[in-house]
2 protein chains.
Amino acid sequence: MVIPCPVENKIEAGTDRLAEAAVRVGLNVRHGQQVIITAPLEAVPLVRKITKHAYKAGASLVTTFYADDEATLARFSNAAEDTFDTAATWFADGMAAGFREGAARLAITGGNPALLSGQNPDLVSRASRAASVANRPALELITSFAVNWNIVAAATPAWASLVFPGVPEPIAVSRLWDAIFSASRINGEDPVADWAVHNDQLHRRADYLNKRRFAALHFAGPGTDLTVGLAEGHLWAGGSSKAKNGILCNPNIPTEEVFTTPHRLQVEGYVRSTKPLSYQGTLIEDIEVRFADGRIVEAHSTKGESVLMRVLDTDEGSRRLGEVALVPHSSPISQSGLLFQNTLFDENAASHIALGQAYSECMTEEGGKTTEALAARGANSSLIHIDWMIGSGEISVTGLDAAGGTVPLMRAGEWVTAV
Amino acid sequence: MVIPCPVENKIEAGTDRLAEAAVRVGLNVRHGQQVIITAPLEAVPLVRKITKHAYKAGASLVTTFYADDEATLARFSNAAEDTFDTAATWFADGMAAGFREGAARLAITGGNPALLSGQNPDLVSRASRAASVANRPALELITSFAVNWNIVAAATPAWASLVFPGVPEPIAVSRLWDAIFSASRINGEDPVADWAVHNDQLHRRADYLNKRRFAALHFAGPGTDLTVGLAEGHLWAGGSSKAKNGILCNPNIPTEEVFTTPHRLQVEGYVRSTKPLSYQGTLIEDIEVRFADGRIVEAHSTKGESVLMRVLDTDEGSRRLGEVALVPHSSPISQSGLLFQNTLFDENAASHIALGQAYSECMTEEGGKTTEALAARGANSSLIHIDWMIGSGEISVTGLDAAGGTVPLMRAGEWVTAV
């Protein structure tokens with residue numbers, strides 16, 4: 001007699017439900033559509049389940065590209081320093097061609113967030129920059145929703161050990177899966193129906209904000225007095241989005257935010273981070289910055305300050321905002337109390353702002369969506385897009401209209417009843 | 001005290017030597033060159049060793065694409081039948097762009113040769129054809145040696161179980177690794193030096209044959225009386241080759257053959273296979289075919305005949321020859337007595353012919369290398385290239401010159417002393 005292991009069974013069942021949600025809620029795969037998956041090697045079991053559900057949903061071909069943290073480390077340990085500005089442009093361009101031909105995009109996140117923390121920061125930064133430049137055309141197709149896309153997470157040993165330090169690895173992995181399943185809203189009887197309800201709520205909030213067309217948001221709380229001007233023709237988004245190929249997809253699982261485009265020249269005041277920012281393996285804590293004319297003119301952090309400074313100096317747009325997002329303090333991820341060190345989760349634990357690139361999706365069509373036209377209306381442009389948390393149970397958010405009127409949006413971290 | 005496991009240590013050490021040989025003998029990676037690897041998922045440990053050696057040798061970036069047999073099967077079990085003509089053209093084109101930008105190419109073979117043997121042959125054939133069409137531009141860059149490339153093998157459980165049926169899996173895998181190490185000539189004190197000696201011998205034979213410029217080869221033995229005309233301006237090759245980027249590489253590890261281009265219109269007589277042909281999981285045994293004017297006009301086999309017929313009907317060129325190769329019966333792979341069901345090994349166990357596509361590398365530059373110019377000189381063109389064994393200890397090979405003179409090349413399966 002074989003006694004089934006309850007933990008393994010729970011993970012088996014959960015990953016199967018997550019896989020189905022990724023395919024049916026996340027991508028909403030169309031019959032005959034190709035699917036491109038990227039994943040850490042440790043996510044093979046989840047990828048196989050996603051692949052099965054994708055084919056069942058009508059996918060014509062599922063192509064998965066695995067990333068291996070060990071291979072990345074082998075480069076830093078063995079490669080010549082003069083080779084670190086190289087990126088696989090030919091591959092990124094191939095993916096972009098796949099999107100142009102209509103392939104859906106599914107990214108599985110879960111690699112070790114601290115992988116490169118011990119490596120030469122100059123080499124890390126050069127390799128990362130080269131990869132960003134190479135990936136830009138493909139990323140632009142994704143952020144502009146040329147096709148349906150989705151990101152979900154897989155619990156890997158390295159990530160789990162970081163989230164649950166000191167906990168034996170298999171238990172940490174099991175706990176991280178639990179946290180992923182719960183945050184991803186797949187534990188109910190019918191996850192597809194649950195996501196429909198959740199999407200409705202997010203759409204209602206985005207619709208309200210789009211109707212009000214605020215000129216700016218004001219954030220107030222301990223260490224924070226920040227006015228974020230919104231771009232001309234900004235659009236609020238949240239939950240599912242219709243991609244340009246007509247497919248309604250949920251780009252992030254989980255997601256708890258409604259978000260839009262700040263005006264890159266109209267951010268004023270100061271703000272303090274409310275959660276640590278995990279950037280390429282370094283925790284940057286207690287960030288305090290001051291904005292003038294949309295630009296960060298002063299920045300400090302109690303930990304990781306040199307990494308923060310390096311990030312801010314990436315390019316012209318890296319000291320300006322590309323996104324502002326509202327998340328209630330009562331969000332399930334916030335209530336879990338976990339620091340995932342992974343943006344897909346941490347950004348859904350609190351209201352946040354992002355340095356760098358704006359989403360053209362969060363702008364109206366008026367005036368067109370060329371880089372120049374978007375910049376003229378205030379949308380920022382940069383190689384980076386880094387979210388950091390400024391929300392908490394002590395934060396108020398107020399909408400400011402063009403005439404100077406104010407509308408309370410959040411108080412003590414929660415949506416006011418009217419919204 | 002921990003007692004190291006001798007089998008694991010042996011595989012560790014062997015795969016490290018194989019990895020170094022693949023990088024230094026196979027690819028001969030140049031400083032600053034990118035490397036593109038394809039591999040079965042089960043080959044992760046070998047890939048990691050190759051990646052390390054590639055970076056040590058100066059590679060700027062190693063990008064690995066893993067194939068997962070389970071994902072392939074998931075398609076056949078779940079996808080709609082109307083989607084099987086789809087291929088990842090965007091990805092194949094991306095790889096081709098990588099080669100054009102100078103990336104080296106390393107393929108690790110070792111997936112389950114019988115993977116698709118239980119699947120609907122019509123779907124297998126449609127998927128395979130679509131993939132062949134998509135891969136053609138990339139493959140053409142490889143077969144024409146635009147860049148340095150190499151194929152090596154990794155022992156995987158599914159493959160090992162097929163080569164050693166009835167043997168417990170871990171023992172079968174260990175035996176297959178032994179067979180790979182031995183065939184790949186990496187067991188000596190200095191594999192790089194051993195490969196230099198081996199390459200010299202293969203080059204000497206190819207040089208001799210190139211000097212003689214035979215018009216045809218005659219194969220005689222049990223069930224075989226075959227005259228294979230050689231293409232005008234055919235070139236014999238064997239062992240290392242200089243790629244167009246100037247790098248001397250060993251495209252196959254192992255390799256024991258010297259080979260050239262037959263004339264697609266000038267093959268006459270009949271021939272019997274001397275070893276089973278493993279094609280997409282089906283063993284085709286005791287093939288007997290008759291050629292007239294270069295074309296197979298009659299074909300039989302005692303096993304797998306319907307698969308053989310399907311292969312022959314792939315396209316215009318699939319009934320004509322694209323390669324003829326001479327391998328002595330005393331080759332180490334032949335002497336191992338194993339049927340690997342993998343062309344990289346089996347084709348080096350006996351003299352063989354290949355149906356389908358010719359190698360433009362095995363043609364002189366005279367008249368140019370456009371498809372039309374090559375065809376005019378007799379080089380065949382097809383979506384397929386399938387090698388099958390016609391050599392044994394009972395086969396004689398005789399060179400026929402244009403004037404009708406004859407020169408014995410092999411007797412009883414061995415090179416005659418003069419060669």
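This report covers two interfaces in a predicted model: one between chains B and A, the other between two domains of chain A.

## Where chain B meets chain A

Ten residue pairs are in polar contact between chain B and chain A. Five elements of chain B each supply at least two residues to the side that touches chain A: strand 1 (34-40), helix 2 (44-56), strand 2 (61-67), helix 3 (69-78) and helix 4 (89-100). By class, this side of chain B has 18 nonpolar, 13 polar and eight charged residues.

## Salt bridges between the chains

The rule finds two salt bridges across the interface of chain B and chain A. In a salt bridge, Arg48(A) meets Asp68(B), with 2.8 Å from N to O.

## Two domains in chain A

Chain A is divided into domain 1 (6-183) and domain 2 (213-237 + 256-415). Their C-alpha centres lie 25 Å apart. The contact takes 30 residues from domain 1 and 21 residues from domain 2.

About 2000 Å² is buried between these domains of chain A, and carbon and sulfur atoms give 59% of it. The count of salt bridges here is zero. Five residue pairs are in polar contact across this domain interface.

## The domain 1 side

Helix 5 (121-143), strand 4 (149-153), helix 6 (157-163) and helix 7 (169-183) of chain A each give two or more residues to the side of domain 1 that touches domain 2. Helix 5 of chain A has the largest share, eleven residues. This side of domain 1 divides into 18 nonpolar, eight polar and four charged residues.

Terms used. Residues are numbered from 1 along each chain as its sequence is written. Chains are lettered from A and ligands numbered from 1 in the order in which they are written. This is a predicted model: local features need pLDDT of at least 70, side-chain atom pairs count only at pLDDT 80 or more; totals for chains, interfaces and linings use all residues. Side-chain values use heavy atoms; hydrogens and water are left out. Contact means heavy atoms within 4.5 Å. A salt bridge is a side-chain nitrogen of Lys or Arg within 4 Å of a carboxyl oxygen of Asp or Glu. A polar contact is a pair of N or O atoms within 3.5 Å; within protein, one must be able to donate a hydrogen and the other to accept it, and residues adjacent in sequence count only if both atoms are side-chain atoms. Helices (H or I, at least four residues) and strands (E, at least two) are DSSP runs, numbered from the N terminus. Ala, Val, Leu, Ile, Met, Phe, Trp, Tyr, Cys and Pro count as nonpolar, Asp, Glu, Lys and Arg as charged, and the others, Gly among them, as polar. Domain bounds come from an automatic or database domain assignment. Buried area is the accessible area (1.4 Å probe) that two parts lose on being put together, summed over both.
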